Amino acid sequence: NPETPVKRLIPHIKIVDGILLMAVKPGKEHQKLLPVTYNKIRQLRNLNKKIPVQIDGGVNFVNVKKLVNAGATILNSGSLVAEAEKPRNIVRELMKIASHN
């Protein structure tokens, strides 16, 4: 959850297969990504450079590149994709933005 500090993950970071960060308060769709998410990603990257870091909530065209640059490796973009008229086009565009140098 967004309130959970990264330091609580330290004892587990060597035994888990990945970390899922909630970038919004769970339970509602269409929330804006909480800015603290970027710092949490960077903190996790400082602890473990290889562990998959997944972001859930608030992922959109504006922040996708910044999330990837911070070190996120998996992005969940639920309602943006699910509610789109052409979901595949949304996924392609997100991937294009995320991978563009």
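This section describes the sheet, the helices and the nonpolar core of a predicted model.

The strands form an open sheet of three, in the order E1-E2-E3, and their pairing is parallel. Strands E1 (19-22) and E3 (74-76) stand at the edges; each has a single partner strand, so one side of each is left without a neighbour in the sheet. From one strand to the next the twist averages 20°. Four bridges join E1 to strand E2 (residues 53-56) in the parallel sense, and Ile19 stands opposite Val53 of E2.

Helix H1 (residues 36-47) packs on this sheet, where it touches E1 and E2, and its direction makes about 165° with that of E2. The 12 residues of H1 should span 16 Å at 1.5 Å a residue, and the 17 Å between its end C-alpha atoms agrees with this. Thr37, Tyr38, Lys40, Ile41, Leu44 and Arg45 are the buried residues of H1. Because these residues cover an arc of only 165° around the axis, they lie on the same side of H1. An α-helix has 3.6 residues a turn, so residues three or four places apart point the same way. The buried residues of H1 pack against E1, E2 and helix H2 (64-70).

The largest nonpolar core has 22 residues, of which Leu21, Leu33, Ile41, Leu44, Val53, Ile55 and Leu67 touch the most other members. At least two residues of this core come from each of E1, H1, E2, H2 and helix H4 (87-99). When residues up to four places away in sequence are not counted, the contacts of Ile41 are Leu21, Val53, Ile55, Leu67, Ala70, Gly71 and Ala72.

Val6 is placed in the segment before E1. With a relative accessible area of 5%, under the 20% limit, Val6 is buried. Val6 touches Lys40, Gln43, Leu44 and Leu47, again not counting residues up to four places away in sequence. The C-alpha atoms of Val6 and Ile41 are 8.9 Å apart in space, although the two residues are 35 residues apart in sequence.

Two loop residues were also examined. His30 lies in the loop between E1 and H1 and has a phi near 65°, a positive value in a residue other than glycine. The relative accessible area of His30 is 57%, over the 50% limit, so His30 is exposed. Lys49 belongs to the loop between H1 and E2 and counts as exposed at 64% relative accessibility. In sequence, Lys49 and Gly71 are 22 residues apart, whereas their C-alpha atoms are 8.5 Å apart in space.

Ile90, Leu94 and Ala98 are buried in H4. These residues cover an arc of only 65° around the axis, which puts them on the same side of H4. Among the elements that cover the buried residues of H4 are H2 and helix H3 (78-82). The face of H4 turned away from its buried side carries Arg88, Arg92, Met95, Lys96 and Ser99, which are exposed.

Terms used:
Residues numbered from 1 in each chain as written. Predicted model: local features only at pLDDT ≥ 70, side-chain atom pairs only at ≥ 80, totals over all residues. Heavy atoms only, no water. Pairing = 2+ DSSP bridges. Axes fitted to C-alpha atoms, helices over the stretch in contact; angles between N-to-C directions. Contact = heavy atoms within 4.5 Å. Expected span 1.5 Å × (residues − 1). Buried < 20%, exposed > 50% of the residue type's maximum accessible area, 1.4 Å probe, protein only. Arc of directions from axis to C-beta. Core = buried A, V, L, I, M, F, W, Y, C linked by side-chain atoms within 4.5 Å.
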